[in-house]
Structure formats: structure tokens, C-alpha cells
Amino acid sequence: FFQDVVKYSCEEGYTVTGLVGGSGSFERRCESSGDLEYVVPGAETCEPVSCGSISSTDAPHATFSSSSFVHKQSALVTCDAGYSTDRSNYLANSYNVTCGGFGTFSGLDTKCTLVQCPVPEIPNAASEGGTTFDENRTVTCEEGYTLTGLGGDERIQTIECMATGQFSSWKQCKQVSCGVPPRVVSADIDVCADCEVHYNELVSYQCSTGHTLDASPNGRKSFTARCESTGLFSNVQNCTAVVCDPPHQNWKNGTLVEDLVPTYGNSVAYKCLSGFSVNGSPSGDTGFEAQCLAAGGYEFSGECRDIDWCRVTPTCGDHGACVDGHLNYTCDCDSGFEAVPTSNGETCEEINECDVWNGAAACYPGTCNNLINRFSCACPTGFRSVAGERNEVCEREVCGTAPPVEHSSRNDTSKIAYSSAVGYSCDVGYTVDGKIGRSTTWTVTCLAGGTFSENSACHPISCTMPKINNTHPREGEFHYNETATYECLDGYRVGGTASGASSFGVVCGADGLTKELGVCSPVSCGAPTSIHNGFVDNREYVFSEEAAYVCNSGYTTTGLVSGDSSFTTACQASGSFASAKSCQAVSCGIPADANGIFAPTGELFFPGSASVTCNEGHTTDPGNVLGAKSYTVACTTTGNFSYTSDGCGLTDPKDIHYCVSDGKTCNGNVCCAGYAGSA
């Protein structure tokens, strides 16, 4: 009734101003016009309480919308790279916060913390350092291990904790190799001569018969060498031939020819005194030997006996005359001949230039052929006869410098002579056939004729093209140090952003394994745009995912009741969403009442309403002149009108003095109880 006041109370989370602490109610008063007017202008609706915007203090190490949020609205908070809500799970990288009814956000107790990488277990190595994102850890190979297996090479490498919660790749520690055991002359070893020996492994050597470490007969005959972390053998010793006791200067009518101290297996020569021979005959040997034994003593091959010259029949041959001597005879030889000792004395023989002019040495390793006043050389395979200063000499054939082989090194770059060999070794990442684990070394030998034996080549290690997720497949092989380019599938980029690289490289390593230099991740479109009169899950979407929008009640995508109340938009390869539809208010059409005037006029849309004022002589209670003169029509979510009255009807002038109640008429000027009016 007139002057009555209606009080409206806002729901929890709403105030008249939308501010925390603002008024939670407003009033409307019934005026003389029959309309309800707002008591305080401007305080007419309940607005959702505002929580403001999220700050970096609220959500450190994360990205989020900078918009201001009101009651019941939620925001997606996404952790920065290398951060997550669960340190052991880098994929737990987002959470939601919601604006509450008291102007504060809920969910801010969740925080983004650094991703934790588990400590790696690396054989034959120890590591120290950080284990959280972007921290480095130092890996040190144990003693006797390096990153290449070569003594003295690098033992330390650094790995980094990545945003994925795993450390970057590392090299394995390889046991240092000392190569094959060194060859020791006059010694045998307990392993094969060509077997590779590694760090801390031992090789036992045993000196051959007649050899010791200090050349004494009772000296040590064995030693053990060890492979050290430097890649070299330690305690490598030499086996030396036993040195015998000094020989007797005179022994049984013989004298020592040379004052030497022989070693095991060698002999010293003795010569019989004049008038003596080994068997007492003029034709007998006049010399014998004493051989050095392993125990340091000697074994004699004979002894000297007195010669009976009376039984000698001297002969000097056809080229000289015999001259009798005191103890023997001598020969007076013809020109071009010389007297040479024989088993009976001496005889005249042609001078042997091979002996006189040292032809054996000149022709070595060939043979010297004695000729008149000169000699010639018969040279073996690999040698040739050339003119010397006085006569011929045998000279070793030369093949020149061994030819270089690409991707390898040689152990000798000088000119190579016959039967000498040059060792080749392929560079790291190469073998003789390009297969991992195959041979990397070989030798070539200088052959007779001055040519080298057949050579080999070093081929790069081959790697098989790997299968990599979210990339165009590649087939076949590529080789050491080569980089194969992999193209990301449409909708995928390195780093997961539309501006990221569309390809990355894969490198073939020296071990035949590949290393990927990137990852193709689905392109991110971020969070979808909010729309009026509808809602959507405000999280991050990636390529091929669809964001589902749902219109609020009373809204469709066409404004028609039959229109769709939801729609989707897909995250595209470009990193943006496909164009989205909008949620439009449902239309109820144009309301009609022939006996009233609408304000406003025209088509009504949800949740709009119009006030209808009855024409003169009409009320909402037909026949009652005191009936209401206006009513309200509203557009509902179903597209239908909702009326507060059935419409405006005509009043009869003869009923002006009556008040109508429940169809009964009160006569005269007396109104029915509970009603007011006038005649």
C-alpha cells in the first residue's frame, strides 16, 4: 500500500556496491502512483563482491590473468618452467583459485616450488651439487676411469637439473686402457700378446732361460707390470742375458783370443799355441770355443794337443812353392795369390775380395760373389744392387712415405723401407667399415718393388634414424657428427609455443647413438577468452583440444529458444583459438495488450520486462473502477512472457459506488471489510 516499504536483502557474496563491507540490502517504497520507487537512488541492485586481481606475491613463480575477479569467479594459475606444485612431478604445474564471498581468494595456499631432480646413479663415478631446477651437479669419474677411457683424459663433467625433473644427459665413465702389454725381449707373459689391458690389471713376465733381471746367474727371473690410471704400465723391467765369470786366459795349451766376458749362449774363442792343434794333427783345428752357460760357467768344445810336423806333407797348391818352417811350413805364393792357413798348414789361394774388402758387409743381407780383382752382390728380395764407392752394395728398397688416409693418423710419417710397417688408427667416430665396435687400426707394409701393401679406409660410424614422437618419420641412416633435421608435425613446435622452432636436429655420436637437440610439444593456446552470459573452463589448452562454452540460463547462441546453449572452439596450430560464438539473450517477442500502453515498447529479451499502463477507463480488475491501473510483463528463460495481471479491462460507470470483493457487491457507500474506496 501507499508509503509501505519493501526491503531487499542481498545473498551472501553480494552487496549493493560490490565492495566488501558494503550494504547488503536496499529498499523500495510504494508511491501514490502505485509504483515502487527506490528509497536510495543508485542502490538498486546486488552486485557480486570483488576480490580484486591476483598478485605475484599471492602466486610467485607463476603466470595468471591480470583481470579483477568477483565472487564465484575462478582463475587458472600456471607455474613457470622448472616449477610445479609437486616437486617430484613437473607435470603438476597449475591450480585454480576462486574469489570467495568475503572478498578473498581461496586456493592461494597452493604454491609453485622448484622441480626436484632425483640424484643420478652413474657407474664408476661420484656426483655432488644441486638437485633442483637450473642447478648444476658435478660428476667425477673414479680413479682409473675417464670419459674416453684414455689415460690422462677428462674425468669431470657437469650436468644440469632440467625443467622436466631429470638431469641432462651425461657420458659414461670408461675404464682406462693401457693397450696391449709392452714386449720385453727374452721374456714370456701370462696373457695373450695382443690382449687389451685395463686399469689395475696385472701382467706377469717370466725371463727366458739364461736371462735374469740383473744379468747375474742367481738373479730374479720374473716381474709383474701394472696398468696405471695414466694409461701407462708401471714396473716394466728388462730381462738381460746372464753374464758369465771372466774366462781363463790360458787353458790346456790354448790362449784366449779376445779378452771378453761373454753372456749366456755366446762363446769366447781360444787359439792353440804354435805347434798345437785340437786333435794333434797338422790338419786339425787350431781353435776351439768356451760357451757361456745359464749357471755362469763354461762348456769347452775341445783342447790343444802337440803337432808332429814330421808327418806333414806340405802343399801350397798350383800357385805357390812350399817353404819349410820351424814349426810349420810356409808358402811363397804367385802374384795375385796369398798364403792362407789350411788344416795342414797353409796353401796359396786367390785373394778373396769379399773378405779383403769387407764384401760380406757391403752385400748384407745378400751374398758376396768373389770375382777377379772385384766382387759382386746377389741381393735378396726387397733389396737391389747399386754401385758403391769401390764395389757393389745391397741397398734396401724404399716405398716412400705411407699415404695419408682421411680420418686417421699414422705412427710413422718418414720414408718407409722394405719389410717395415706403418700403423694406422682411425679417429674417434670412425672404424674400418663404419660399424660400431669394429676394428679401428691396421698396418701397411713396404713390399718388394717399392710398393705398399693394400691399404684400408676409415668410415664414419653410422646411426639409424630414430623414431621421435610428434615429428615426420625419417628412414635410413646418417653418420658420425652429422645432424639430421626432424620436422615437427602440424600443431607442434619446439618449446610448445606457436613462435617456437618447427624443427630440431639429431646428432649421430661416436658410440653409434643419437642425441636429440629438441622436443616437439603441442602448441599452447593459453586460456580461452571469457564471454558475457556464459562460462568456460579457464585452463590452458594445447593443439587439437577444444574449450567447451556453456551459455547461462536464458541465453543461446542465436537468441532463439531453439538455439544451442553451448558450443566449442578448438586450439589451432597457430596457437590461437578458432573464432567463438556468443551467448545472446532469448527473445520473447513483442508483448500486446489493446487496452494498455507498454514502456518500453518493442521486442523483449530475457531478463527484460515492460510496465503496462491501462488506458483511461480500464484497470487490471475489469468492472472495478478502483482496480490497479498498471501491471508488469517479463521475458522468462523459456522465451515466454510472465504477467503480474491478466491485462487491462473496462470499468462500468454504474459500479462507481461499489467496492468489489470476491464477486460480492456491498451496497451504498459502505465498502466490504478490508477494502478502501469512495463514491
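1. In what order do the three strands of the open sheet run? The order is 1-3-4, with antiparallel pairing. Strands here are DSSP runs of E, at least two residues long, numbered from the N terminus. Two strands pair if DSSP finds at least two bridges between them. Strand 1 (5-9) and strand 4 (36-38) are the edge strands, each pairing on one side only. Strand 3 (residues 25-30) is joined to strand 4 by three bridges. In that pairing, Arg-28 stands opposite Tyr-38.

2. A word on the basis. This is a predicted model, in which local features need pLDDT of at least 70, side-chain atom pairs count only at pLDDT 80 or more, and totals for chains, interfaces and linings use all residues. Residues are numbered from 1 along each chain as its sequence is written, and side-chain values use heavy atoms, with hydrogens and water left out.

3. Disulfides come next. A disulfide is a covalent bond between the sulfur atoms of two cysteines. The criterion is a pair of cysteine sulfur atoms within 2.5 Å. By that rule the count is 22.

4. Cys-207 is bonded to Cys-239, S to S 2.0 Å. The torsion is about -75 degrees, so this disulfide is left-handed. Cys-207 lies in strand 22 (residues 202-207). Cys-239 lies in the loop between strand 25 (233-234) and strand 26 (240-241), 32 residues apart from Cys-207. Both cysteines are buried.

5. UniProt places "domain: Sushi" (unreviewed entry) at residues 176-241 and 523-585. Such annotations may be inferred rather than shown by experiment; the positions use the numbering given here, and feature names are shortened. In residues 176-241 the end C-alpha atoms lie 34 Å apart, with 0% helix and 39% strand. For residues 523-585 the end C-alpha atoms lie 34 Å apart, with 0% helix and 37% strand. A helix here is a DSSP run of H or I, at least four residues.

6. Strand 68 (residues 630-635) alternates its side chains. Tyr-631, Val-633 and Cys-635 point to one face and are buried. Strand 66 (residues 609-614) pairs antiparallel with strand 68 over five bridges, and Ala-610 stands opposite Val-633. Strand 69 (residues 641-643) is joined to strand 68 by three bridges, also antiparallel. Strands 68 and 69 form a hairpin with five residues between them, and Gly-639 in the turn has a positive phi of about 85 degrees.

7. Cys-614, in strand 66, is 34 residues from Cys-648, in the loop between strand 69 and strand 70 (649-650). A disulfide joins Cys-614 to Cys-648, S to S 1.9 Å. Both are buried. Cys-30, by contrast, is in no disulfide; the nearest cysteine sulfur, that of Cys-614, is 16 Å away. Cys-30 is buried, with a relative accessible area of 12%.

Conventions:
Buried < 20%, exposed > 50% of the residue type's maximum accessible area, 1.4 Å probe, protein only.
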